[in-house]
Amino acid sequence: MRRVTHDLLLGGVFSALCGLLLNALLLTTGSTKAPLPAAKNAEPVWPPLVESPPKVASYTIEAKLDTERHRITGRETIHFINRSNTALNELWFHLYLNAFKNDKTLFLRSPFGAGRSGDKAKEYGYVDVKRLTIRGADGQDLWVNRDRHSPNDPEDETDIRVPLPSSLESGSELDLELEFEDQLPELVERTGFVGSYHFIGQWFPKLARLEPNGTFAHFSFHAQSEFYADFGDYDVSLDVPSTFRVGATGSRIRETQDKGRTQLGYRAANVHDFAWTAWDRFETRSERVAGTEVRVLYPPHHEQNAEAELASVRFALPHFNARYGPYPYPTLTLVHPPENAANSGGMEYPQLITTGGPWYSTYGGARFIDVVTTHELGHQWFYGLLASNEHTEPFLDEGFNSYAEAEALEARYGNASVFGGFGLSASSTALNRLFSAARGEDEKIAQGAADFATFRSLGALVYSRTATVLSTLARVYGRERFNHALGVYARKFRFQHPTQADFLNVMQTELDSRAVTALTRALSERATVDYLVREISNAPVSAPAGVFDGPGGREQKKPEAPHEATEYTSRVVVYRHGTLELPVDIELRFEDGTLQLRHWDGSGFTFNVDNVGPSKLASVYVDPEQRILLDDDRSNNWLTTRSNSAPRVSERALYAAQVLLGAFGP
Amino acid sequence: MTDKAENRLDRLSMPAAAGVLLWISRTVFGLLASYPLVLAIRATSMTAGPDGDAVLFQPGSLLLLELLRLGAPWLGSAAEFALLSLALFAVLELIPLSMALDLLAVPGRTLLERLARALRLFPKFFVLGVIGLLVQAALLLVASLLGSALKPAFASADERLQTIAPLALLGLGLLACAWFGAVLDIARATLVRHVAPSGSRVALAQALDCLRQQPLRVLLGSYSSMVGSALAFLTACWLLARFVPLEPSGAAVALTFAVHQLATLFAITWRVRWLGSALELSDESD
C-alpha cells in the first residue's frame, strides 16, 4: 500500500504545493526538462528466470455476496503442502477481517488512529469460521479446538492457532475444508463497503506463511503492517447480483447467469493473495499492453483518469518488465474507487491494483494518477513477485518500490515526475528527500512495521528514506549499474521471499563491499551524512623570507614588498558529519573563471582541498551533481567569496507583491 | 500651442501620469513588503552558493524544497509579516489612488496639491474601503453558506457537479465582489470630483444610484479592466515559460523583470482606463 492515499500523499501533496506555491510566488520562468527516454535495451546479462514458485497453499473458494447486507457466505478448500523440513502439529490462520470487529482489536484500538487511513470503523466487520475439516479424515471439526484469540492478546482474533489431530510430516499434503461467513465493515482501510461499492481484501481464512524451518510467520493484523503469505494457485467463484461489475485477482475463466445473479470464475496461478471488488456503477476499459490484458474499472465521469491510468501502464509495464523481469500473469486489473471510497485506493494485490483521486486529478499539471498507478504497478514486482515479509521488513517492498516508482516516473517525465506545468516542476526524488531528510536518526529503517513509533515515521523512513538511500547509491555508482544490480535481485528472487540479507548479497556481487557497508549502515544503523564547508582561505604566494643557513653560509632574505601577486595558495576543508561514508565530488571555481573538480572517497572526517594557481579561489561546491541525496543539509555544501544578493528571488518576490496588491488592493 | 492641442495633450498625459504614479506606488510598496521574505530566504544560505539563487529554480525543485525544509520557521514568520505589510500598504495605496483619480479629473494642479487633497480625502476613502471589505466578505460568506446548504442536494449527483457547484457559487461571489469594487471606485470618483466636501455615505449612495441606472456600463467597464489585467499576467507567464532561458544569467533576470513590469504596467493601464470611466459615470449621475 502506498503513501499516495493518506498521510504521506496528503503530506506530500501539501509539501509539494507549498514548494510550488513558493515557486509560483516567485513565478519561476523557464520550462521543465524534456522527458527522458525509457531505459535502453542494452542486452544486459541476467540470471535465469524461475517461472513458477513451489506452491504451499492453494485455495479454491466459492463466495456469495449479499450486496444489501454486505455479507459474504463462503466455502473454501486449501490444498496445503508441508514444504518445511519438519513435521507440523499446528496451523496458523490469519482472520484479518476480524481486525474490524470492535474497537479493542489490535488494529482499531489505537486512540490516535494509527492506521494508514487513521479512520475508525463506523459499521464493524468480522469473519466467522463455521467449520474446518480435513478432507478424507473423520470429519472432525478442527475449529472447535482453536485458540480463541491471537497470542497474548485476548482482545484480538486475527491470528488464530489450530492444533492438528496428527502430525503432518515434511513433504506431506492435506486438503482443508472451511465454511465461513464475512460481515464487511463500512470501508475503514482497503476492505469494506460504501453504499453499493464493495472492496473485498483480507476476506477469507488464510494460512500464515510456512517458513522452511517449520514455523509459521504469523502475526496479528497491526494497523501499520501489511501482509506475508505463501505462493499458490487460486480458483475462486464469485456470486454477485447481475447488475454488479466485478474486478478480481486473476483471469475470468467462466461466467454464468441465473435468476438475476451472475456466477464468475477466476483463476490465478502463482500468487499469494486474492482480492476483488463489486459495484453496480463501474465503467470499464480494456487494452492489451505488453502482452497483458489490462482492464480498468472506474466510476462514471472518470474517463480522463482511466485514460491516464492506462497511459501509465503503457509506459510503466514495459519499463518494469525490462528493469525487473517480465510480468508473468496474463491479466492486470486496475480499480479506481469512487471518491467516497478513497480508503480502498492506492493498494496492491496480485494482478489487481487500486488507484484513486477525484475526477479532476489529471488537470493542472499534477501527476497524481501517474504516481499512484506507477507505484501500485511496481508492487507487482516488489510485493507480488518478490514476496518479502511486509510485517518484519516493510522497506523491502514499500521502500524498493518507491525507488522503482520514482525511477520509472523520472524516466517518463524527467524532473517533472510529480508535477509539471506553468513552468514549474517537482520530481519524486525531491519529494522523497524532502520527507526523509534529517530523519535518518529517528529510527532504523530495517525494522518491523509495528515497531515504528508512528505511521508517519514509517512513511518517512520505509517509503521515502529507503528510496532516497537507493537513489543515492544509484547516483554514486551510476544509475544503469545500480538499476542492473536491482534487476539482478528482482530476477534472482522472483517467486521467492527475499530478505535484507539476500539483497545485500546481490549488492556485494553487483556493486562492492563499500556499497554494502553504506546500505547496512543506512538501513540498519540509523546512519546519516552531512558534508559541509566552513571557510575559504586564499594567500598570495611570495618568496620565503627570514634567516636561512645554507652551504654558502647564513643568508637573510627580507619579505618582498607588497605587490600584485601572480600566484595564490588556496585551501578549503570539507567536513563529513555522520557515519555514512559516501564518495563525493568537490567543485572549485576560481576568480579567473577556471573550474576544478576534486574527488573525495568519503573516508575520514575531513578532506583538505589545496590549490596553488594564478587566481584566488572564489567558491566551493561540495557534491555539485547532487548525488548524495542523503546529505542532511545542502545549505552548507557551498561557500563563495561573492555577496549573496539573490536577484531572482528579489525580482519574483517584488512581482508577487505587486500582483497581490493589484488583486486585493483598492 | 492652441488650447485645443493643450487639452488633447492633457487628455493623453494625465492617464499616463496616473498610471506611472500607481506603478511607482505599487513598486515601492511591493519592495517594502517583499524585502523581509527575501532576507529570510537569504538567511538560509540556500542562495549563498556559487550559482546564487539560481539553484532554487532548477527543474525538479530539489533545492527549492530544501529551502522550504530548512527555512520553514523563518519563512513562515517572514511570509506572515509580508502579508501584514501588504495589508497595510493596500490601505496606504488609497492615497496614490486618490491622486490618480485627481489627475484624471482635474488638470492643472501640482503634485503637492494633489497629495494634500488625497490626504484630506483619505479618511473618507478609508471608510469606503472598510465598507467595501465588509460587503465583500458578506458576499463571499453568503456564497459559501449557499454552497454548504446545497451540498445535500448534490449528494446524489455525479462527482463533477458536487465539485463544481460550490466553486461556481464562490466564483459568482467573487464576481459580485468585483462588481461592488466597481461601485466603490465610482464613489471614490465622486469624492474626488466634488469640489464641495461630501461624505462617504453620500458618495456611496450616488454610486449605487449610478449602478441602478447603468448596471451594464458599470459591469462591462470594471470587468473589462479585470480581464485585461488577467490577460496581461497570463501573457507574461506564457512569454517567460516559453522564451526566457532557464540558465542562470543576468540577462534572464533582467528580461524577466522587464516582462513582469510590463505586465504590471499593462494591468495598471486597464485600471486607469476604468477609473476614467468611473469618473464619467459619476459625472453623469450627478
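# Report on chains A and B

B:R217 has a relative accessible area of 35%, which makes this arginine partly exposed. The model it belongs to is predicted. The side chain of B:R217 forms a salt bridge with that of B:E284, with 2.7 Å from N to O. B:E284 sits in helix α8 of chain B and B:R217 in helix α7 of chain B, so the pair links distant parts of the chain, 67 residues apart. B:E284 is partly exposed as well, with a relative accessible area of 45%. Elsewhere, A:R285, A:E287, A:E307 and A:R314 are joined into one network by salt bridges that share partners. Over all chains the count comes to 47 salt bridges.

## Selected salt bridges

Side chains of opposite charge can pair when their charged atoms come close. The table lists pairs from within the chains and one from between them.

| Pair | Distance, N to O |
|---|---|
| B:E284 and B:R217 | 2.7 Å |
| B:D51 and A:R589 | 2.9 Å |
| A:R69 and A:D66 | 3.6 Å |
| A:E157 and A:K101 | 3.1 Å |

A:E157 counts as partly exposed at 25% relative accessibility. A:K101 is likewise partly exposed, with a relative accessible area of 28%. A:D66, the partner of A:R69, counts as partly exposed at 26% relative accessibility.

## The contact between chain B and chain A

Chain B gives 65 residues to the contact and chain A gives 63 residues. The size of an interface is often given as the accessible area lost when the parts come together. For chain B and chain A the buried area is about 5,700 Å², and carbon and sulfur atoms give 66% of this area.

The count of salt bridges between chain B and chain A is 3. One of them joins B:D51 to A:R589, with the closest N and O atoms 2.9 Å apart. On the side of chain B that touches chain A, the elements giving two or more residues are α1 (3-43), α2 (62-92), α3 (94-105), α5 (159-193), α7 (215-243) and α8 (250-284) of chain B. Among these, α2(B) provides the largest share, 12 residues. By residue class, the side of chain B that touches chain A consists of 37 nonpolar, 16 polar and 12 charged residues.

## Strand pairing in chain A

Strands of a sheet pair through backbone hydrogen bonds, either parallel or antiparallel. Strand β1 (residues 57-66) of chain A has partners of both kinds. With strand β2 (residues 71-81) of chain A, the pairing is antiparallel and extends over 10 bridges. Here A:Y59 has A:I78 in β2(A) as its bridge partner. With strand β12 (residues 232-241) of chain A, β1(A) runs parallel, joined by 6 bridges. A:I61 has A:V236 in β12(A) as its bridge partner.

Another part of chain A is an open sheet of 3 strands, with the order β5-β3-β9 and antiparallel pairing. Its edge strands are β5 (159-168) and β9 (206-207) of chain A, each of which pairs on one side only. Strand β3 (residues 88-94) of chain A is joined to β5(A) by 6 bridges and runs antiparallel to it. In this pairing A:L91 stands opposite A:V162 in β5(A).

## Two buried residues of chain A

A:H70 lies in the loop between β1 and β2 of chain A. The hairpin of these strands has 4 residues between them, and A:H70 takes a positive phi near 60° there. A:H70 has a relative accessible area of 11% and counts as buried because this value is under 20%. A polar atom of the side chain of A:H70 lies 3.5 Å from the backbone oxygen of A:E68. Apart from neighbours within four places in sequence, A:H70 is in contact with A:D182, A:Q183, A:L184, A:F193, A:G195 and A:H198.

A:Q500 lies in helix α9 (residues 500-510) of chain A. With a relative accessible area of 13%, A:Q500 is buried too. When residues up to four places away in sequence are not counted, A:Q500 touches A:E393, A:F395, A:L396, A:A446, A:L523 and A:S524.

Conventions. Residues are numbered from 1 along each chain as its sequence is written. Chains are lettered from A and ligands numbered from 1 in the order in which they are written. This is a predicted model: local features need pLDDT of at least 70, side-chain atom pairs count only at pLDDT 80 or more; totals for chains, interfaces and linings use all residues. Side-chain values use heavy atoms; hydrogens and water are left out. Two strands pair if DSSP finds at least two bridges between them. Buried means under 20% relative accessible area, exposed over 50%, partly exposed in between (1.4 Å probe, protein chains only). A polar contact is a pair of N or O atoms within 3.5 Å; within protein, one must be able to donate a hydrogen and the other to accept it, and residues adjacent in sequence count only if both atoms are side-chain atoms. Contact means heavy atoms within 4.5 Å. Buried area is the accessible area (1.4 Å probe) that two parts lose on being put together, summed over both. A salt bridge is a side-chain nitrogen of Lys or Arg within 4 Å of a carboxyl oxygen of Asp or Glu. Ala, Val, Leu, Ile, Met, Phe, Trp, Tyr, Cys and Pro count as nonpolar, Asp, Glu, Lys and Arg as charged, and the others, Gly among them, as polar.
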